[in-house]
Amino acid sequence: TNFIGYNGRHRLDTIGLIDHSADYRAWRHVKFFHGTGDALAFGNVNAGHCILEDIIVDQNGFDSYGLGPQQNSVVRDCYFKNTGGGGAGARAAIIAAYYGQEINGNNIDGWRGGGILLEYPAIVTNNIIVNTLGKGIEASVTAAGVYAKAIRNNTIYNNASDGIKTNDVSSLIGLEIYNNILSTNGGYGINIAAGDTAGNRLWPQ
């Protein structure tokens, strides 16, 4: 199923999930505008085998996820912003909520939470993550043996906390972090909380 905005970008005002637990969707050229409370606990789209492309997500001051794709989905060339102000929040602009995500070429600017939260394997490339009130990219495993795969070629600048943070040993298995630009973040550039493990490569930034 395709949801494609034509003749201008259609704005969808949201207070909860628009697309949930449905597979094989494509969302392109639309805008999600958050409203009426912090209800977006999974992001506007929380479905598998999806293409989410050229979408604008405006947090509008609410502590909400932006997009929460599930297995084998692609999030690319989307713009995440917050025009509503507010203090530091707990929810990232993009949450990789299941296996096999590709998160590529997105611009995240001023989100109340972090930029990207990896709960499952993902390839995270060529994103710009700036001015968030949380971490730039966080790998936080929710199931044993699950790990993020690669974080490369991202620009992570002026976020309130760490540029890249891993929270546990499982997050490190097979993880490659290389060729990222990290500058002026409030915490560490790269914070490997659990210590390095065999098979992990941390290349010079």
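Which residues touch the most other members of the largest nonpolar core? The legends below start there. This is a predicted model, in which local features need pLDDT of at least 70, side-chain atom pairs count only at pLDDT 80 or more, and totals for chains, interfaces and linings use all residues. Residues are numbered from 1 along each chain as its sequence is written, and side-chain values use heavy atoms, with hydrogens and water left out.

**View 1. The largest nonpolar core has 32 residues.** Leu-67, Phe-80, Ile-116, Leu-118 and Ile-137 are the ones that touch the most other members. At least two core residues come from each of β5 (30-34), β6 (45-48), β11 (94-96), β14 (116-118) and β15 (122-125). (A nonpolar core is a set of buried Ala, Val, Leu, Ile, Met, Phe, Trp, Tyr and Cys residues joined through side-chain atoms within 4.5 Å; buried means under 20% relative accessible area, exposed over 50%, partly exposed in between, with a 1.4 Å probe and protein chains only; strands are DSSP E runs of at least two residues, numbered from the N terminus.)

**View 2. An open sheet is built from 8 parallel strands.** Their order is β2-β5-β8-β10-β13-β16-β19-β22. β2 (10-14) and β22 (181-183) each have a single partner strand, so one side of each lacks a neighbour in the sheet. Two strands pair if DSSP finds at least two bridges between them.

**View 3. Strands β8 (residues 56-58) and β10 (residues 79-81) are joined by 3 bridges.** Here Val-57 sits opposite Phe-80 of β10.

**View 4. Asn-126 is found in the loop between β15 and β16 (128-130).** Asn-126 is partly exposed, at a relative accessible area of 42%.

How values were computed: Helices (H or I, at least four residues) and strands (E, at least two) are DSSP runs, numbered from the N terminus.
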